[in-house]
Amino acid sequence: MKSDYNVALGFQAMRGISGATNTGAANVAVGKDAMLGSGANLTGFWNVATGQNALGKISTGQGNTALGLSALASQTTGDYSTGVGDFVMTNGAFQGNTAVGSGALLNVSGSAGLAFYHTTGCVSGRRKGTE
């Protein structure tokens, strides 16, 4: 299967989707280096990245949404995470997390987390199983 229904706007946006072995489909990348890719192939699908370096290393992850400078920048294979704000979920591997606010879940790995962040710190956060 070839890459279909992808939209890229910005310098090197979705650069990693070129080539015969790439099968990533239904992705949207807006901004410099958005969904640049971590290697030669992009097979993930249903991802949306808006902002410089948003989902910058994505390769096989699916259903991720990253809005902001370097949002989910290190996400390569995780699925269904949403980050809104600059540098949200920048360092780590994420699965099914939601983070809102600059720097939210910056250095956290794992799944089913929720964080709203303000400059004074985490104002609301919960991980699955800690209710």
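Mentor: Lys32 and Asp33 join their side chains in a salt bridge, at 2.8 Å from N to O. This is a predicted model, so read each distance as a computed value. A search of the whole structure finds one salt bridge. Side chains of opposite charge can pair when their charged atoms come close. How exposed are the two partners? Lys32 is partly exposed, at 37% relative accessibility. Asp33 has a relative accessible area of 12%, which is under the 20% cut-off, so Asp33 counts as buried.

Next, Met35. The largest nonpolar core has 20 residues. Met35 and Leu55 are the residues with the most contacts inside that core. In soluble globular proteins, nonpolar side chains tend to be buried together. Which residues does Met35 touch, leaving aside its neighbours within four places in sequence? Among them are Met14, Val28, Ala29, Leu42, Ala49, Ala54, Leu55 and Ile58. Arg15, Asn27, Asn47 and Gly56 are also in contact with Met35.

Now the aromatic side chains. One aromatic pair turns up in a search of the whole structure. The ring centres of Phe45 and Trp46 are 4.4 Å apart and the planes stand at 80°, so the pair is edge-to-face. The angle cut-off for that label is over 60 degrees. Phe45 is partly exposed, with a relative accessible area of 28%. Trp46 reaches 52% and is exposed.

Ser81 sits in the loop between strand 4 (65-67) and strand 5 (82-84). A polar atom of the Ser81 side chain lies 3.1 Å from the backbone nitrogen of Asn97. Leaving aside neighbours within four places in sequence, Ser81 is in contact with residues including Gly63, Asn64 and Thr65. Leu72, Gln75 and Met89 are in contact with Ser81 too.

Gly96 is in the loop between strand 6 (94-95) and strand 7 (98-100). With a relative accessible area of 35%, Gly96 is partly exposed. Gly96 and Gly78 are 18 residues apart along the chain, and their C-alpha atoms are separated by 7.9 Å.

Key. Residues numbered from 1 in each chain as written. Predicted model: local features only at pLDDT ≥ 70, side-chain atom pairs only at ≥ 80, totals over all residues. Heavy atoms only, no water. Phe/Tyr/Trp six-rings, centres within 6.5 Å; stacked < 30°, edge-to-face > 60°. Buried < 20%, exposed > 50% of the residue type's maximum accessible area, 1.4 Å probe, protein only. Helix = DSSP H or I, 4+ residues; strand = E, 2+ residues; numbered from the N terminus. Polar contact = N/O pair within 3.5 Å; in protein donor to acceptor, adjacent residues only side chain to side chain. Contact = heavy atoms within 4.5 Å. Core = buried A, V, L, I, M, F, W, Y, C linked by side-chain atoms within 4.5 Å. Salt bridge = Lys/Arg side-chain N within 4 Å of Asp/Glu carboxyl O.
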